[in-house]
Amino acid sequence: MKIALIQQKFHGSKEATNSKTCELIKQAKQGGAELVVCQELHQTQYFCQSEDTAFFDLANEWESDVAFWGKVAKQNGVVLVTSLFEKRTAGLYHNTAFVFEKDGSVAGKYRKMHIPDDPLFYEKFYFTPGDIGFEPIQTSVGKLGVLVCWDQWYPEAARLMALKGAEILIYPTAIGWFDGDSDDEKSRQLEAWVAVQRGHAVANGLPVVAVNRVGFEPDSSGVADGIRFWGNSFVFGAQGEQVLRADSQSEQCFLVDIDMKRSEEVRRIWPFLRDRRIDAYENLTKRFID
């Protein structure tokens with residue numbers, strides 16, 4: 001299957017950014033992509049750098065956003081993974097990945113389960129943790145295990161998707177550096193991010209796709225400088241082999257071919273699911289084993 005990763009920056013407005021996204025999706029279709037994956041909260045700036053109630057207004061058009069991206073999926077004849085700010089009701093919002101079928105219909109959605117609360121990543125202020133679980137989404141190109149950004153650090157989330165039959169793990173992402181950090185610290189952060197997700201591929205015998213934004217976005221509150229999103233979108237195969245690793249700042253559509261039959265071959269020689277000691281894992285549901 002040919003997959004397109006849409007790695008891009010924020011263009012100053014929702015309209016300009018969506019226009020660029022649509023341009024890149026069109027390129028993906030022309031390049032033969034069947035599945036197109038956008039980055040986390042791709043319509044807007046990464047507004048979670050500060051706590052500002054005005055940013056909740058960005059979710060007011062979420063139903064129109066769903067209709068818009070459904071139309072884009074249909075026009076291009078692709079399965080499309082988007083990442084939207086969902087307003088469920090007043091005071092209740094989610095960071096939600098909507099997946100569209102080639103005919104524009106909603107194949108399913110995933111509400112981000114793990115929500116960070118760190119300097120310049122104040123997501124707990126905006127997002128309610130997901131409540132629909134780790135459920136793969138069935139599409140015409142396969143069963144997609146869609147997770148979102150902070151979820152990527154948790155092997156439990158990847159494992160549950162695998163145990164429910166996901167054929168590929170997909171992570172729309174927004175992560176970057178603070179310019180004041182040392183080069184060594186930046187390298188450690190980036191390589192940890194890549195390594196943990198590569199491990200999900202190996203441990204579950206599944207391909208893994210992560211799509212991250214690029215560009216510098218200032219902190220609108222002025223408290224901090226901002227985040228320089230590090231790009232480096234990637235694809236690893238079912239044995240952890242690198243299929244793609246983008247650079248840190250290119251805004252483009254990356255096209256890759258993934259052998260969806262490879263998981264069967266890998267799991268036959270490395271049967272990790274077979275050898276799991278499910279009789280001894282009851283303590284995994286505890287916060288800490290004192």
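Reader: Which residues form the nonpolar patch on the surface?
Author: Leu-160, Leu-163 and Leu-273 form that patch, with about 220 Å² of accessible area together. Keep in mind that this is a predicted model.

Reader: Where's Leu-273 in the chain?
Author: Leu-273 sits in the segment after α5, the helix that covers 262–269.

Reader: And is Leu-273 exposed, partly exposed or buried?
Author: Leu-273 counts as partly exposed, because its relative accessibility is 30%.

Reader: OK, salt bridges. How many are there in the whole structure?
Author: A search of the whole structure turns up 21 salt bridges.

Reader: Let's take Lys-2. What does Lys-2 pair with?
Author: Lys-2 forms a salt bridge with Asp-257, and the closest N and O atoms are 3.1 Å apart. Lys-2 lies in strand β1 (residues 2–7) and Asp-257 in strand β18 (residues 252–257), so the pair ties together parts that are 255 residues apart in sequence.

Reader: How exposed are the two ends?
Author: Lys-2 is partly exposed, with a relative accessible area of 22%. Asp-257 counts as exposed, because its relative accessibility is 51%.

Reader: What about Glu-86, which side chain does Glu-86 meet in a salt bridge?
Author: Glu-86 meets Lys-109 there, at 3.2 Å from N to O. This pair links distant parts of the chain, with Glu-86 in strand β4 and Lys-109 in strand β6 (residues 106–111), 23 residues apart.

Reader: Glu-86: buried or exposed?
Author: Glu-86 counts as buried, because its relative accessibility is 1%.

Reader: Which residues do salt bridges with shared partners join into one network?
Author: Glu-86, Arg-88, Lys-109, Arg-111 and Asp-131 are joined into one network that way.

Reader: How many cavities of 30 Å³ or more does the structure hold?
Author: One. About 90 Å³ of space lies in the largest cavity. Its lining includes Lys-14, Leu-41, His-42, Phe-47, Asp-65 and Phe-85.

Reader: Now Thr-82. Where does Thr-82 lie?
Author: In the loop between β3 (79–81) and β4 (84–89). Thr-82 is buried, because its relative accessible area is 0%.

Reader: What does Thr-82 touch, not counting residues up to four places away in sequence?
Author: Its contacts are Cys-38, His-42, Trp-69, Thr-96, Ala-97, Phe-98 and Phe-100.

Reader: Backbone next. What's the phi of Cys-149?
Author: Cys-149 has a positive phi of about 40 degrees, although it is not a glycine. Cys-149 lies in the loop between β10 (142–146) and α3, and counts as buried at 6% relative accessibility.

Reader: And Asn-232, what's the phi there?
Author: Near 60 degrees, again a positive value in a residue other than glycine. Asn-232 lies in the loop between β15 (226–230) and β16 (234–236). Asn-232 is buried, with a relative accessible area of 7%.

Reader: Last one: where is Gly-199 found?
Author: In helix α4. Gly-199 counts as partly exposed, because its relative accessibility is 32%. From C-alpha to C-alpha, Gly-199 and Pro-129 are 24 Å apart in space, and they are 70 residues apart in sequence.

Definitions and conventions
Residues are numbered from 1 along each chain as its sequence is written. This is a predicted model: local features need pLDDT of at least 70, side-chain atom pairs count only at pLDDT 80 or more; totals for chains, interfaces and linings use all residues. Side-chain values use heavy atoms; hydrogens and water are left out. Helices (H or I, at least four residues) and strands (E, at least two) are DSSP runs, numbered from the N terminus. Buried means under 20% relative accessible area, exposed over 50%, partly exposed in between (1.4 Å probe, protein chains only). Contact means heavy atoms within 4.5 Å. Patches are made of residues with over 30% relative accessible area and no salt bridge: like charges are joined within 9 Å, nonpolar side chains (Val, Leu, Ile, Met, Phe, Trp, Tyr) within 5 Å. Accessible areas come from the Shrake-Rupley method with a 1.4 Å probe; for residues, only the protein chains shown count as cover. A salt bridge is a side-chain nitrogen of Lys or Arg within 4 Å of a carboxyl oxygen of Asp or Glu. On a 1 Å grid over the protein atoms alone, a cavity is a set of points where a 1.4 Å probe fits but cannot get out, and a pocket is an open set with protein on both sides within 12 Å along at least five of seven lines; lining residues have an atom within 4 Å of a point. Grid points are joined across faces, edges and corners, and a volume is the space filled by probe spheres set on the points.
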